[in-house]
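Welcome, and please take a moment to look over the model shown here.

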Amino acid sequence: FGVDFPAQPKRSTGTYQAVVAGKVPTTIISAEEDNTTYRVVISDFRKRLEDTPGILIEASFIASTEGEVVADTMSRTDNGQKFAKYGRRVAVLTKDGGKKISEVYFVGGYMLNFETIISPKGDIGNPEVGRFTDSIRFNLERDWTVPPPLPANREDGPRLLAPVKAGQPAPK
C-alpha cells in the first residue's frame, strides 16, 4: 500500500484484539504532526479469509464506539473498477474533544486500519487530515501521474488514447 504521511513515519509493533478477530499481532506505521497522529495498523488475517467480512464489520463498530459518530460510510480507494478497494470509514468526535477518523480495508488477507487522531489541542479542520486518507493506494504498479482514460462511449464523453502533456492538443 501507499499513503502520504505529513511527517517521517516510524514503525512499531502491537496487538489488535477484538471478540470476533481475537488477538492478532500488528505492525504499526505512524507519524505525528500538529497535535495529530497519522497511523496505519496492519493485522494479518491470511489464515482466516472466511472471517474477514465479520472482522471488518467488527473493526468499524469498534471505531464507532470511541465517541459521537459524525460519519459512517463505505470507503473506496484507487480509481477504476479494476483497481478499486472497498472498506469502511468511520469518523467520531472523541469524548475528550478531539476527532478520530478510521478507514478499514482488507487487502490480500491483511486488515489495514488507517487512523487519523486529532487531539483536543489539534485543528479539526486541518486539510492534512484529508490528504492522508485521500492518498491511500493499493495498486502501486499503476503510473499515478497518468490519468485513466475517459469512457469510450460517445455519450459518456471522448476517450484519450494516450496521455496528454500540458500545452499539447489531445490526440484525434
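## Helices and their cover

The buried residues of helix 2 are covered by strand 3 (36-44), strand 5, strand 6 and strand 7, among others. Here, buried means under 20% relative accessible area, exposed means over 50%, and partly exposed lies in between (1.4 Å probe, protein chains only). Helices (H or I, at least four residues) and strands (E, at least two) are DSSP runs, numbered from the N terminus. This is a predicted model, in which local features need pLDDT of at least 70 and side-chain atom pairs count only at pLDDT 80 or more, while totals for chains, interfaces and linings use all residues. Residues are numbered from 1 along each chain as its sequence is written, and side-chain values use heavy atoms, with hydrogens and water left out.

Helix 2 spans residues 127-134, and its buried residues are Val 129, Phe 132 and Thr 133. These three cover an arc of only 90° around the axis (taken from the directions from the helix axis to the C-beta atoms), so they sit on the same side of helix 2. On the face turned away from that buried side are the exposed residues Pro 127 and Asp 134.

Helix 1 has 13 residues and reaches 18 Å from its first C-alpha to its last, close to the 18 Å expected at 1.5 Å a residue. That expected span is 1.5 Å times one less than the number of residues. Among the buried residues of helix 1 are Thr 52, Ile 55, Leu 56 and Ser 60. The buried residues of this helix pack against strand 1 (10-18), strand 4 (67-77), strand 5 (85-94), strand 6 (99-107) and strand 7 (110-118).

| Residue | Relative accessible area | Class |
|---|---|---|
| Ser 60 | 9% | buried |
| Val 90 | 2% | buried |
| Val 70 | 43% | partly exposed |

Ser 60 belongs to helix 1 (residues 52-64). Which residues does Ser 60 touch, not counting residues up to four places away in sequence? They are Arg 88 and Val 90, where contact means heavy atoms within 4.5 Å.

Val 90 lies in strand 5. Leaving aside neighbours within four places in sequence, the contacts of Val 90 include Ser 60, Ala 63, Ala 71 and Ile 101. Val 90 and Val 70 are 20 residues apart in sequence, and their C-alpha atoms are 7.8 Å apart in space. Val 70 is found in strand 4.
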